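Please look over the sequence and the 3D structure shown here. The report after them is meant to be read with both in view.

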Amino acid sequence: MRPHDFVPRLVFSLAAVLAACAGVASAAPVPSAAAAFIEQHCANCHDDVEKKGGLDLTALSLQLQDRKNFATWVKVHDRVVAGEMPPRDKPRPAAGAVDAFVHALTGPMLAAERAAEAGQGRATQRRLNRFEYENAVRDLLGAPWLQIRDGLPEDGEAHRFNKIGDALDLSHVNLARYLAVAEDALRQVMAHQVDRPATKTTRYYARDQRSFANRMTYSVFNTRAERATFPVLGTQAQPEVRSTRQPITVGDAYPATREREAMGVVASSYEPIELRFEKFKAPQSGRYKVRVSAYSVWVGPGKAPPGKAERWWIPNFDDVSPGRRPEPLTFYAELPPRQLRRLGAFDVGTEPTTGELEVDLLEGETIRPDAVRLFRSRPSNWVNPLATREGQPGVAFRWLEVEGPLLDAWPGTGHRLMFGDLPLRRTPGGGVEVQPRDVEADADRLLAAFIARAYRRPVAAEEIAPFRAVIAASLRAGTSFADAMIAGYTAVLCSPAFLCLEETPGALSDHAVAARLAFFLWNSAPDDELRALAARGELRRPEVLRAQAERLLASPKARQFTDAFLDYWLDLRKIQATSPDSALYNDYYLDDALTEAALEETQLFFAELVRADLPAKNLVASEFAFVNERLAAHYGLPPVDGIAVRRVALPPDSPRGGLLTQASVLKVTANGTTTSPVLRGAWIMERILGLPPSPPPPSVPAVEPDIRGAKTIRQLLDRHRSEESCAACHTRIDPAGFALENFDVMGGWRDRYRAIAEGVPPVEGIGKGGLKFTFHYAQPVDAAGESWDGRPFRDVRDFKRLLLDDEAQLARNLARQLVTYATGAPVRFGDRPAVEKILEQTRARGYGVRALVHAIVQSELFLNK
Amino acid sequence: MPAPIGSPRAAARSTGAFIATRGALSRRQFLRGAGIALSLPLLDSMLPAFARAGETAKAKPRRMFAICNNLGLLPEQFFPKETGRGYALSPYLQLLREHRDDFTVFSGVSHPDVDGGHPADICFLTAAPHPGSGGFRNTLSLDQYIAERIGHETRYASLTLGVNVQQGVRSLSWTGSGVLIPCEEKASDVFRRLFVQGSPAEVQAQLRKLAQGQSILDAVGGQAKSLQRSVGARDRERLDQYFTSVRELERRMELAKEWETRPKPKVTAPVPLDPASPREYMDKVKLMYDMARLAFETDSTRSISLMLDSVNSPAIDLHDDVKITDGYHNLSHHGRSEAKIAQLKAIDEWHMKLIAGLLKDLKAVKEDGDTLLDRTMVLYGTNLGNANTHVTTNLPTLLAGGGFRHGQHLGFDVNHNYPLPNLFVSMLQRMGIEADRFASSTGTMRGLELV
């Protein structure tokens, strides 16, 4: 008898005593078949002496009510099933032994999980997260322009998503914020004037804008041509205007000439040259059509002053000619100070081009255009990287035209929901007052209608009374009718029935299914059609449910699902978290258009997988990508024209295709200065393959990057990996990271690392910020490796092929992520058969992504709490 | 006190107007002037009558100001080489030399199991383990622990301040349920909260508003209560949380109503002008130090946290010869580049100078024969031992003032760090709060004695 043989029983009884004292359920004996397997195959390493990997299986009790204990047993189960344990160099268990072990464990584990969920369901009841809340309030009040989420604290996240009840906490601070944003939203959608606002079309000439005109003349703050604007008439320079000997515009008396007047730039919008059409300020929040007329120009090279050296890189604004290529423009809504929201983008040609965007603007917002391809000068000795000995490109802006506010109806949906058709009256202070016909009756009627609309299920009469009391108390205190009603409505929008998803254990009610479906595929509350089907009790019928899922997916609002899902699944919300280092990566530094395209690529790519029901293997390897001109150049693909991101076929041997090699993913897995195969590898294993590695041990410092270039990260890591205790995990973590070593912090291809070191001459080139490159090319990249199961690969193309060997695992991971997102609860041990069933239903079509969504919606996981 | 219920947009608009009408001094003048003068010897006259009559009369007020710079300081410049009382000041500590006997510097300290690099900043005052990993929940922060216990003695239980804070993401202050308390980012807002009296009509409106808020809370709390009856244990816990929030908010509204009717302290200085750009980082830090000092001087609160979100800061403007060319975060990943290190050093030195200024200002204020510094613990620290490598061990940390025997370097094992939460326990006890544990503490800070 080995000395530790009696230990488990001792530990067990001690634990039982302690547990009994503490009033928690006690441990059960490890089933004998499992105990025998452990004794024979595991105990040599995982006993109280060796404790390999920190695990002593001889002392591990079966205490499955305890979450940690349960998780440990799941891990033991999974590693044995996967054949990873016992390790390859140890004797294999006899045929049937693994099955017996698994069978012995599974029974008690499933029973424990069922017991834990009994009467509660998988999901914990939860409140809406701030994105859902924003969408739900926007839809309720018919005001898609409302900006609510930033007023609410960041939501807690569990299992990588912001949809999990256990993490969606609520404190008095949250509650105070919900009250504040709800009231603010209600006040914003109220009519602010008695008469319907006129929908006007107004033109704002660039020449009339301070930000354009002021930068035309030089001052101590404005000394350099590259940071100036210049006047052109068509493509003719106007030296007389530029020198202010002639007025800046011919004015309205000469409409034909005025139409041709424009202001040019050779730089994009960035401090200190920030163009905006500041004379326009959205008169009220709402929808507008925004049109901008602009075109590209060519500005000649600077002449050498007599006796001085040449200076061709300085633009000569008296030498302007037609543009030589189209130029992309992006547009932002701007609220001082520099609160920017991207509105959209289009290209302008060498002839005056009018582009149009239909956008939501907030009251007071103005429009900032940005000629994004042009450079952004940073201190101190910049040179325009686009300048040649023949000159440099520029963009000339003629005017902005705004049509709006575009009103479907007036007063708007939100106002009518709040106040019906009660008349409005002007107040002496210039405000508006709602005039009730009969205060009590109107309050009763309006409140009941509001609650019926806001709550996602039928409302019992007695539920209305507490809110009616709020209104009554406010009226008694002398508050106006409208303010009293708003107090009542604010309470409704912060009450549990609106703020929380009401799901009861067992099969979900039709209304709860409607809510789950809408918050899954629209990230918002159910609409009329879903509510009507739920009310008729038809929604749970499979064909009805399927048709509704189709309808929701076909709507533009489905982007609210895919974008929100990607924000968390792939961390896309963090795409701006770090910026490319200004010294090592000054070709990417300040290149907003590249980051924006990278984000849009992944969003459109995933939306395409859903739209066209493409097989899940595309997540790793696709024959197409979504690019625009900038991104195609970044990827080294055949050129495409323009800023619109569109689907293109990839050349056969391209390393691109699939998520792994998209710039967005490569950026969020890097830090702007360096890449780490460990961090990228762990990320890929968890997010894409669904095989999360163990967390790093505490107090082991990360390997310090060396940007002087003497050693590669692989060389630095090798020492770490050669230690056996580290290698156990790193053989699983690192391979995916090694395969991606050919990609820099922005996802650009590299054969050599970049480095900065004194005494080593840098590569020639000028960055987007106008500063010379300071980096040189150092050690070559080695992207070869061996997968966790021992298969070698040469590079990322090879690595992707290895991943494609197990398409089911790629689909399984996606299904698990989607189930977590859709149901607000992770896929637990007992949920695995349901996920396998979902996979089974979609296998024939290669696990189409849309089919996966449908199968999830029809699954027991989705239809039960 | 949470943000009052009201329209944030409307508030923003009125803020703008307010600054414009009162902008008699430029911000630079304001910063460079003799500091913010108070019109009367405040501390005696301003002690709220009801507090003076109550428990505060018997004990000295104790205060805490906790500051975290989430990119830290260059460790080789910060840590002294010798330990004990006779240690030689390090290059950075040289900048604090006139306060040498008023602070203790620590080395070899960290929060046990608080790893994960940047995410660790939110654990600076909570010491909740593994902030980077799945299933992480933050816990009650030190300042809120204090606020919960003695917050009712002052107009504000605590102030949560920030500079360049990524809103909704970072804060040093966390409630007991692990929820972030957002940072006040504008000094003008803090100032107004502290000193600007509303007109009688505004006070009445605010009282009406608070009463309305309470009636709203009655309605939603009642619904939560009725729903609680029909759900399972996990869901009930969620509804409990909702209901607790309602009650906490109600309690705060009740207290706020009481404070609303009492006059605020008076100061002669105008409302400070907020720096327009995050590049003016150091100006913003200085202003927040001023606000903290004023809040203590007027006994408006006893507990203040300040998150210096350097990670979220652009290339900052130092107003001196050293030109900062890179975002603060990018600089911190200096990869041993000498140019970057030189810029970081210039930034760090500014930090040290501002701390020196803060300590000096706190010493200049007298309260019952003590200086304000004697009664104010200033904790300055970080979550990163070295921003270049993201280690969360060996944190540069110093504690000034508050009534300890300072003037020493307490050096612990750099390979096996001493738990920093022990310092928090010492600080709590110094506050007069009965506590023998905080987070992962193992006792009080070894070697740190009360005066």
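The text below goes through the model by chain, sheet, core and interface.

This is a predicted model, in which local features need pLDDT of at least 70, side-chain atom pairs count only at pLDDT 80 or more, and totals for chains, interfaces and linings use all residues. Residues are numbered from 1 along each chain as its sequence is written, while chains are lettered from A and ligands numbered from 1 in the order in which they are written.

**Chain B**

Chain B has 14 helices and 11 strands. Helices (H or I, at least four residues) and strands (E, at least two) are DSSP runs, numbered from the N terminus. Of the 451 residues in chain B, 53% are buried. A residue is buried if 20 or more other C-beta atoms lie within 10 Å of its own, exposed if 12 or fewer, and partly exposed in between, with C-beta atoms placed from the backbone. Two residues are in contact if their C-beta atoms, placed from the backbone, lie within 7 Å. Among the contacts in chain B with a separation of 6 or more, 69% are between residues 24 or more positions apart.

**The sheet of chain B**

Seven strands of chain B form an open sheet in the order E4-E5-E1-E8-E9-E2-E10, with mixed pairing. E4 and E10 (408-411) of chain B are at the edges and have a single partner strand each, so one side of each has no neighbour in the sheet. On average, neighbouring strands of this sheet are turned by 15° against each other, direction ignored. Two strands pair if DSSP finds at least two bridges between them.

| Strands | Sense | Bridges | Residues opposite each other |
|---|---|---|---|
| E4(B) and E5(B) | parallel | five | Val163(B) and Leu308(B) |
| E2(B) and E9(B) | antiparallel | four | Phe103(B) and Ala400(B) |
| E2(B) and E10(B) | parallel | four | Thr104(B) and Gln408(B) |

Strand E4 of chain B covers residues 159-163, and five of its five residues are buried. Leu159(B), Leu161(B) and Val163(B) point one way from E4(B), and Thr160(B) and Gly162(B) point the other way. In E10(B), Gln408(B) and Leu410(B) point one way and His409(B) and Gly411(B) the other, and all are buried.

Helix H7 (residues 142-150) of chain B lies across E1 and E5 of chain B and runs at about 160° to E5(B). Helix H11 (residues 281-297) of chain B packs on the sheet, touching E1, E4, E5 and E8 of chain B, and its direction makes about 165° with that of E4(B). Axes are lines fitted to C-alpha atoms, for helices over the stretch in contact, and angles run from 0 to 180 degrees between N-to-C directions.

**Nonpolar cores**

A nonpolar core is a set of buried Ala, Val, Leu, Ile, Met, Phe, Trp, Tyr and Cys residues joined through C-beta atoms within 7 Å. The largest has 330 residues, and Met485(A), Leu852(A), Ile856(A), Met288(B) and Met291(B) have the most contacts inside it. Leaving out residues up to four places away in sequence, Met288(B) touches Leu161(B), Val163(B), Ala187(B) and Leu306(B). Another core, apart from this one, has 17 residues, including Val30(A) and Phe101(A).

**Where the chains meet**

Between the chains, 58 residues of chain A are in contact with 62 residues of chain B. H6(A) gives the most to the side of chain A that touches chain B, with 10 residues.
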